[in-house]
Amino acid sequence: MDSSARRRELAAFVRSRRERLSPRDAGLLPGPRRRTPGLRREEVAQLSGVSVTWYTWLEQARKIRVSRQVLDAVADALRMTDQERRHLLTLSGVLLPPDVLPDVPPDVPTDALPGVPPDASEAGETPGSGAAAGLNPLYQRLLDELSPRPAYVIGPCWDLLAWNRAHAGLIGDPLQWPAGERNMLWLLFTQPRIRSLVVGWETDARHLVGQYRAAAARHAGDPRFERLTRALSAASGEFRQWWTEHGIATFETTRKEFDHPAAGRLSLDCSKLAPEENTEVKMVIYLPADEASRAKLPLLEL
């Protein structure tokens, strides 16, 4: 992990949390002539019990000594949520408790980022379903057995590594897109078909950006994340805006609604599984939330 990149991300995150918090929210009197949004640095330092110099250096991404106790005090002063506190500790490199320790990213050579397509001769793809080279073939067998329930496998950067026919029927056959664009974040923000497919697109997209930022923090300095972030920021004004807000989110099993052009309204429960052998590869599975949706799923394979 690139320590300088991590410090820059930490500085930007802390600054964004400071600027969103009003003096009144922090129990302070607003006072006159405030030229900065949110709290001043000296106010955060006072609330945290640290020196103004130390806190200033923290926001300047300088190489300074940090501890769990001091970071907890900063998190308390900035009224961080549990998710934001975990993000702060991850970026700082402080050892987390076992229940929130991030996975050590393995080497996953099958990622395909927008603008960086893999060798098509190595894709090993078949119409309606596909699997990236180097991926355990058992995953594709499992995906095919799950059909007509949509399911797919993604890598650390949300690259679409494998899918079944039902998932291709839901979002459109991924083989229609260049290999370098088969990325669930990229498709969500750049494909009009998928935008119109997802009911409550903005809420879903915002939450995914928060998940992506948390993942990017665990891989600070990873060029795969940096390239994807630049590409998404250039392609989508909404992504660019939400990325600068530094929102953090974690995946939760949730119900999603889709307006499919052939099957109509589908209500599906979305779950994500990680194999023990490689926790950075995730299998996403959609299960019907009601009998009406269950009866329509075979239409996705037509």
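# Notebook: aromatic pairs, helices, strands

I looked up Y152 and Y286 first, and both are buried (under 20% relative accessible area; over 50% is exposed, in between is partly exposed; 1.4 Å probe, protein chains only). This is a predicted model, where local features need pLDDT of at least 70, side-chain atom pairs count only at pLDDT 80 or more, and totals for chains, interfaces and linings use all residues. Residues are numbered from 1 along each chain as its sequence is written, and side-chain values use heavy atoms, with hydrogens and water left out.

**Entry: ring pairs**

I found eleven aromatic pairs in the structure. Rings of Phe, Tyr and Trp (its six-membered ring) pair if their centres lie within 6.5 Å; planes under 30 degrees apart count as stacked, over 60 as edge-to-face and the rest as tilted. Y152 and Y286 make a tilted pair, at 6.4 Å centre to centre with 45° between the planes. Y152 sits in strand β2 (residues 151-154) and Y286 in strand β6, so the pair ties together parts 134 residues apart in sequence. Helices (H or I, at least four residues) and strands (E, at least two) are DSSP runs, numbered from the N terminus.

I then took W201 and W242, which form a tilted aromatic pair: 6.0 Å centre to centre, 45° between the planes. This pair links distant parts of the chain, with W201 in helix α10 and W242 in helix α12, 41 residues apart. Both W201 and W242 are buried. I traced a cluster too: ring pairs link W158, F189, W201, Y212, F225, F239, W242 and W243.

**Entry: strands**

I checked β2 against strand β3 (residues 160-163): three bridges join them, and they run antiparallel. Two strands pair if DSSP finds at least two bridges between them. I154 has L160 of β3 as its bridge partner. The hairpin of β2 and β3 has five residues between the strands, and W158 takes a positive phi near 70° in it.

I moved on to β4. Seven bridges join β4 to strand β5 (residues 264-273), and the two run antiparallel. E257 has its bridge partner in β5, at S267. β4 and β5 form a hairpin with three residues between them. I followed β5 onward to strand β6 (residues 282-288), where the pairing is antiparallel over six bridges. L268 has P288 of β6 as its bridge partner.

**Entry: α1 and α3**

I fitted the axes of helix α1 (residues 3-20) and helix α3 (residues 52-59): they come within 7 Å and cross at roughly 115°. Axes are lines fitted to C-alpha atoms, for helices over the stretch in contact, and angles run from 0 to 180 degrees between N-to-C directions. That makes α1 roughly perpendicular to α3. Angles under 35 degrees count as roughly parallel, over 145 as roughly antiparallel, 65 to 115 as roughly perpendicular and the rest as oblique. L10, A11, V14, R15 and R18 of α1 make the contact with Y55, L58 and E59 of α3 (heavy atoms within 4.5 Å). These residues of the α1 and α3 contact divide into five nonpolar, no polar and three charged. Ala, Val, Leu, Ile, Met, Phe, Trp, Tyr, Cys and Pro count as nonpolar, Asp, Glu, Lys and Arg as charged, and the others, Gly among them, as polar.

**Entry: α5 and α10**

I repeated this for helix α5 (residues 82-92) and helix α10 (residues 201-218), whose axes come within 9 Å and cross at roughly 25°. That makes α5 roughly parallel to α10. H87, T90 and L91 of α5 touch R213, A214, A217 and R218 of α10. By class, the α5 and α10 contact has three nonpolar, two polar and two charged residues.

Why is α5 largely enclosed by the rest of the structure? Eight of its eleven residues are buried. I listed the buried ones in α5: E84, R85, H87, L88, L89, T90, L91 and S92. They pack against α1, α4 and α10. After α5 comes G93, with a positive phi near 85°.

**Entry: α2**

I read off the buried residues of helix α2 (residues 41-48): E43, V44, A45 and S48. Their cover includes α1, α3 and α4 (68-77). Just after α2, G49 takes a positive phi of about 75°.

**Entry: H246**

Where does H246 lie? I placed H246 in the loop between α12 (237-244) and β4 (254-260). H246 is buried, with a relative accessible area of 8%. Leaving aside neighbours within four places in sequence, I found H246 in contact with E9, A12, F13, S16, R17 and R213.
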